[in-house]
Amino acid sequence: MLTPVADEDGAPFWEYTARGELRVQACAAPDCGELRFPPRPCCPHCRSFDSEWRLMSGRGRIWSYVLPHPPLLPGYAAQAPYNAVLVELADAPLIRLVGNVVADPDAPLNSVDPTRLRIGAPVRVAFTEINGVTVPRWLLERG
């Protein structure tokens, strides 16, 4: 399995996921406050270098998804067919996170029947540890 590698800008994201929190970087300039992801040192809206990490609700909707066939990476072949989703956050609709929809936080990537996925389906975040890194995954909600 691929494990995310934290850089200086993204390190706080992974520190928060280890605590079970989904946070997004935001501009801390008084007249801005724009959210941004992926994290970066400078606000693309006002060019401020001041930032903070805002707690998100962990709810969102599937904005897009794909079922890779054949798997592009050999390490994932045994889990095919699995999903890769783009989730639009409910409290930050311009922020979209890549992940997987699973049956429970520690379930394999192929634990959800692909026919259950649809654009707009509500999801909520869950966290699991993979190779020492806590990653967000997504669980389908009734909708």
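## Terms and basis

Two strands are said to pair if DSSP finds at least two bridges between them, and the strands themselves are DSSP runs (E, at least two residues) numbered from the N terminus. The model described here is predicted, so that local features need pLDDT of at least 70 and side-chain atom pairs count only at pLDDT 80 or more, while totals for chains, interfaces and linings use all residues. Residues are numbered from 1 along each chain as its sequence is written, and side-chain values use heavy atoms, with hydrogens and water left out.

## Two antiparallel hairpins

Strand 7, which covers residues 122–130, pairs with strand 8 in the antiparallel sense over 8 bridges, and within this pairing Arg124 has Leu139 of strand 8 as its bridge partner. The two strands form a hairpin with 2 residues between them, where Asn131 takes a positive phi near 50°.

Strand 5 (residues 84–89) and strand 6 (residues 92–99) also pair in the antiparallel sense, over 5 bridges, and they too form a hairpin with 2 residues between them. Here the bridge partner of Val87 is Leu97, a residue of strand 6.

## A buried arginine in strand 8

Arg137 belongs to strand 8, which spans residues 133–140. Of the 8 residues in this strand, 7 are buried, so strand 8 is largely enclosed by the rest of the structure; buried means under 20% relative accessible area, exposed means over 50%, and partly exposed lies in between (1.4 Å probe, protein chains only).

Arg137 is itself buried yet has no salt bridge, the nearest side chain of opposite charge being that of Asp106, 6.0 Å away. A salt bridge would need a side-chain nitrogen of Lys or Arg within 4 Å of a carboxyl oxygen of Asp or Glu, and for charge, Lys and Arg count as positive and Asp and Glu as negative, whereas His and the chain ends are not counted. The side chain of Arg137 does, however, reach the backbone oxygen of Pro105 at 3.1 Å, and one of its polar atoms lies 2.5 Å from the backbone oxygen of Ala107.

The structure holds 0 disulfides, a disulfide being a pair of cysteine sulfur atoms within 2.5 Å. Cys32 is in no disulfide, and the nearest cysteine sulfur to it is that of Cys43, 3.7 Å away. Seen from Cys43, the closest cysteine sulfur is that of Cys32, and the distance of 3.7 Å is too far for a bond. Cys32 is partly exposed, with a relative accessible area of 24%, whereas Cys43 is buried, with a relative accessible area of 1%.

How values were computed
Helices (H or I, at least four residues) and strands (E, at least two) are DSSP runs, numbered from the N terminus. A polar contact is a pair of N or O atoms within 3.5 Å; within protein, one must be able to donate a hydrogen and the other to accept it, and residues adjacent in sequence count only if both atoms are side-chain atoms.
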